[in-house]
Amino acid sequence: MPLAVRSNPDLVLDDPSFRHYWFPLARADALADGPVARTLLGVELVLWSSAPGIVSAAPDRCPHRDARLSTGWIETCGLVCPYHGWAFGEDGTPSRIPQLPDGSSYPPKATLDTVRAAERYGWVWVCLDEPLHAIPEIPEFDLDGWRTVHEPESAWACTALHLIDNNIDPAHIAYVHRESFGTPERPEVPLPSVTRSPDGLLLGYDIEVEGRHGEPGTTLRSTRNRLANPFLMLNRITYPDGVVHLMVKACTPETAETTRQLQFVLRSDIEADRPADDIRAFDAQVWDEDKAVLEHCWTDYRLDLTENVHLKTDRPSIEYRRWVRRIVEAGHPVAPGDEAS
Ligand code: FES
Ligand SMILES: [Fe+2]
């Protein structure tokens, strides 16, 4: 009998539970020049904005002759298909079919099968089914005294589950990030605290790392990380001088083997203290270091804990796998602290 090394590689795509979450799919400014193509949970979508603050999403396939609507453009009448010029309003109803005489009624099936879309925090969010989990509140985004560092979207050839797992794993820092902020001479990590809460999975640890660009010596990172849903983390890092670096990272599953990462950072200091370009350059290096490993990992993420070896320091990952498994078993979103579900 062959040795089984893969569990279900299409876990997230196959399971309808995840269609009830809101996912960030694009930076809102990516829609400024016209429609864009994005994939969510295996569904190819067109995203477009017909007016400032108004975003729409629909399957990226014209109901007439299968053109990709993401290759079209925006006019005052809405999203225009490049093939025969049909146009669609923000709710997907046709606003123009040039081949029909004025005053004609349009075929009902000409309406696009739109899905829910919303703009928040400078991102376009999409939910493929009835939303059963709200877009998380991030009060610091609107508070005085905080600045926002927007970061580029990035494409990852790994599963979203592995990417989140990597981000809640303090033990990899010493090795994977030895060229940036890891310290191979100190591979030990403190045992992380893990709390299952109605607000998500709460993780905490303090770790000594190399200073960021321009900082001599080491510094103590106090990390309090909240996974608001299985694909969205709010990672609050507090430095010894009291500066807070709140990293908001979304790992959106595109296909079974690819992920779109969106990220911005909220900082309690000012631009002169830590220029935004420095933060972006540092994070780009960190992502490249993670990609060198993650993009060669196996593409099935195992929820059966007996299939991997775990250490005590892997507790965040263990609880994360338990949480994802409970969602799959429930068939809908559940919070880690919601034991009754
Ligand atoms: S294929 Fe889109 S208008 Fe004909
Ligand atoms: Fe990493």
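This is a predicted model: local features need pLDDT of at least 70, side-chain atom pairs count only at pLDDT 80 or more; totals for chains, interfaces and linings use all residues.
Residues are numbered from 1 along each chain as its sequence is written, chains are lettered from A and ligands numbered from 1 in written order, and side-chain values use heavy atoms, without hydrogens and water.

**Stop one: the helix pair.** Select H2 (160–167) and H5 (315–330); helices are DSSP runs (H or I, at least four residues) and strands likewise (E, at least two), numbered from the N terminus. Their axes come within 10 Å and cross at roughly 145 degrees (lines fitted to C-alpha atoms over the stretch in contact, angles from 0 to 180 degrees between N-to-C directions). Now show Leu161, Ile164 and Asp165 of H2 against Ser317, Tyr320, Arg321 and Val324 of H5, which make the contact (heavy atoms within 4.5 Å).

**Stop two: the largest pocket.** A pocket is an open set of points on a 1 Å grid where a 1.4 Å probe fits, with protein on both sides within 12 Å along at least five of seven lines; lining residues have an atom within 4 Å of a point. This one has a volume of about 570 Å³ (space filled by probe spheres set on the points, joined across faces, edges and corners). Of its 26 lining residues, pick Asp165, Asp169, Asn308, Ser317 and Arg321, the closest to the centre. H2, H4 (276–294) and H5 each supply at least two lining residues.

**Stop three: the second largest pocket.** Here you get about 230 Å³. Centre on Arg224, Asn225, Arg226, Leu234 and Arg236, the closest to the middle among 15 lining residues. Strands E13 (193–197), E14 (200–210), E15 (218–229) and E16 (232–238) each give two or more residues to the lining.
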